Amino acid sequence: MEPSRNKRSSEHRSLLRDPVLLGMGGLTVAVVVWFLAGPGDSRSSWLIQAGLDVSLLWFARRLAALSAAKSPGRRFWRSLSFTALCCAAGDGYQSALVLRHPELTQVSIVQTGLVVLGMSGMVVTMLRHPLGADGRQRLRLWLDAATVLVGVAVFLWYFSIGAHLGADRAMDRFATAAMSAVMLVIVFGVLKLILSDTAPFTMAAGIAGSIGTAGTAVGASVATVLTGEPNPALMTVAQLIPCILVAFSLRLQELQTRRRRGDRPAGPRGRFSRMPYLAVVATQILLVAALVEVRPDARVWGVTAGVVIITVLVLTRQLAAFHDNDRLLTDLDRSMLELRSQKEWFSSLVQHASDVTLVVDARDAVTYVSPAAGWILGIDPGQALGTVLRHRVHPDDVDAFDALAAHPSDPAGPASAASAQVRLRHADGSYRWLDVVGADLRGHPSVRGVVYNARDITEARALQDRLRHQATHDTLTGLANRALLGERLQLRAGGGQASVLVIDLDGFKEINDGHGHHAGDHVLTTVASRLTALLHAGDLAVRLGGDEFAVLPADPHPGRVAALAEQIVAALCAPVDLDGRPLRIGASVGVATGPAGDPDRLLREADAAMYRTKQHRKATATV
C-alpha cells in the first residue's frame, strides 16, 4: 500500500511540473484577466478558440501514434483528430469573418455545420467502441450511462436550451439546440466509456474531458444564471475555460500513457460507479434551485424536502449495499484468482511431470491421462481415453494391479493409497516396469474414479535385476551360486522334504594345472551346459565353488533323484573337446534328502555322501 501511495504522489508531482500543463494554467489566468479586466473582444475569443482547436488536433494525433496499430484506441484518437480538424476549420472560418466584420455577433452556419460534422463523427466512434462487457453487466453499464445522461440533459435544458427558447433570433436557437444535442450525445459516449473497462483514456482524463465538453454547451448560460444578467466578457470566459480543460485532459492522457507504457494494464475500474448517484444528487440540488426562483408555497417545499431526504436515504442505503457487495465480490475474485492460480500451477505440474497420472472410472475405462503417458508408454493421451487400462497390464501382474483399488477411500477423509510394481504394455509391444500408487476415489463426487500415479522404473528394475543376478549367480558359468541355493531351500521350508545332489569333478585339477586356467574355465562352462540340459522345469543347477556343483531338483522323489544322479555322471564322463583335443573328466555325486529348512545340514550330508562315492570309486579302481 505504501509503495503504491508513494508512486501516485510522484506521478502527481511530475504532472505539476509539466511545462505544457503549466502553460495551460497560465493561459486560463490570462483569459480571465484579458476578458474580465482587459480589452478582450469577440475577435480575440474566436482566435483563442481556433488555437485551442489546433492544439486538440496536435494532442489527438500524438495519442493516436502512442496507441497500438489497428486497435479501438487508435480509431478513437484518429476520430478525435478529425473532430478537432473540423472544429479548427469552423472556428477559423468564424475568426476570419469576425476580423473582417468586427460588429458581427451572429454565429455562421458554416461554423456550426463544421463543428456539428466533426462532433457527429466522434459520436459514431464512441458509440461503436467495444464495451468489454456482456449480458447483465452491459445492461447495467447502459443504465448507469443513461442516468448520468439524463442528469446532464436536465442541466443543459435548464441553463442552455430552456434559456434560449425565448430568444428572438432563430439562428441562435438553432445553434444552441444543435450544439447542445451533439454535446449531450458526446458526453453520453464519454460517460459510457468511463463506466466501462475498455476506455482508451484514464479515469482522470475522461472526467476532465467530459466536464470540459459539457461546459462548452452550458458554460455561458451558467454564467448568466449565476450573475443574473448577460455579461459578454464573463460568458466568453465561461466558454473558453471548458475548451482549455478539454485540451488539458488530452495532455494529461498523453503524459499518463507515456508514463504507464510498459506497466501492467490496469484492472477493472470498479464493480459499480458513483457517477449515476452524483447525477441524482446534482439534479436534486438543481430542483431546489429552480424552486427558489418560482417561490412555491410551504406545501410544495414540504413535499420537495421529503423527496430530497428520501432520495438521499435511498442513495445512502444503495451505496452502502453496493460497497458491501463490492467488497464481497472483490474477496471472491481474489479467492477465485488464487484458486485459478493454484489450478494453473497444479495443471502446469501435471503437464510437465515425468510421472503418469491416470483416472479410471467404475467401468475401468480411462477418463484422464497426463501427457507423460506419451513418452513413458508411447500412447497419445487423447486416444487413450475410453480404453481399458487393465488390458495393458502384464498377465502376471494383474492380481497386484487389482489390489491397488481394493480399498475405497472415505470421501470425507484422506485418500488411502496402495502401491505395487507392475508391468504395462508399451505402444511398441514391450512392457515397462512402473511403480504405481493407486487411490480409489470412486466415492469422491469430484473424481468418481480410481487415480493411479505411476513412475517409470524400467531402467531401475533392470539394474536391480542385474545386481541381483550378479549376487545370486556364478560369473563364469551363469549357474546359481550357494546363496541362491540357500534361498530356494528356505522357500521350501514349509513344504517338507528336499533333495540336494552335490557333484565334484574328478581329474579337473590335472587339466587345470596341465593345460592352463583357460582350459579349466572351458571345462567348467561345458559342465554347466551339460547340467542345465538335464534339468526339468523347477530344477536348479548350482556352482558351489571351484570344481563343485550342486543340483536342487523340484521333485525330491528318490526314484527321480537316483535317475538324475546317473544321468549327471554319464553326461559329465563324456570327453570335453579343447581345440580338437579330448579332455576326460569324471564326476562323483552325493545325494542327501531331508527338511528343506536346514540348507547347511543338507549340503553337509550331500557333501559327505559325495566323498563316500568318490572313495568307493577309487577303491573299486585299485582292485
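Begin by selecting helix 18 (residues 517-534) together with helix 19 (residues 558-573): the two pack with their axes 10 Å apart, at an angle of about 145°. The model on display is a predicted one. Viewed along the contact, helix 18 passes helix 19 in a right-handed crossing.

Next, display the side chains at this contact. Helix 18 contributes Val527, Arg530, Leu531 and Leu534, while helix 19 contributes Leu564, Gln567, Ile568, Ala571 and Leu572.

Now turn to the aromatic rings.

Move on to Phe401 and Tyr452, another of the pairs. Here the ring centres are 5.0 Å apart and the planes meet at 20°, which is under the 30 degrees limit, so the pair counts as stacked. Colouring by secondary structure places Phe401 in helix 14 (residues 398-403) and Tyr452 in strand 5 (residues 449-456); the pair therefore ties together parts that are 51 residues apart in sequence. Are these two residues buried or exposed? Phe401, at 3% relative accessibility, counts as buried, and Tyr452, at 4%, counts as buried as well.

The charged end of Arg461 sits over the ring of Trp433, at 3.7 Å from the ring centre.

Notes
Residues are numbered from 1 along each chain as its sequence is written. This is a predicted model: local features need pLDDT of at least 70, side-chain atom pairs count only at pLDDT 80 or more; totals for chains, interfaces and linings use all residues. Side-chain values use heavy atoms; hydrogens and water are left out. Rings of Phe, Tyr and Trp (its six-membered ring) pair if their centres lie within 6.5 Å; planes under 30 degrees apart count as stacked, over 60 as edge-to-face and the rest as tilted. Helices (H or I, at least four residues) and strands (E, at least two) are DSSP runs, numbered from the N terminus. Buried means under 20% relative accessible area, exposed over 50%, partly exposed in between (1.4 Å probe, protein chains only). A charge sits over a ring if NZ of Lys or CZ of Arg is within 6 Å of the ring centre and within 35 degrees of the ring normal. Axes are lines fitted to C-alpha atoms, for helices over the stretch in contact, and angles run from 0 to 180 degrees between N-to-C directions. A crossing is left-handed if the near helix is turned anticlockwise from the far one by less than a right angle, and right-handed if clockwise. Contact means heavy atoms within 4.5 Å.
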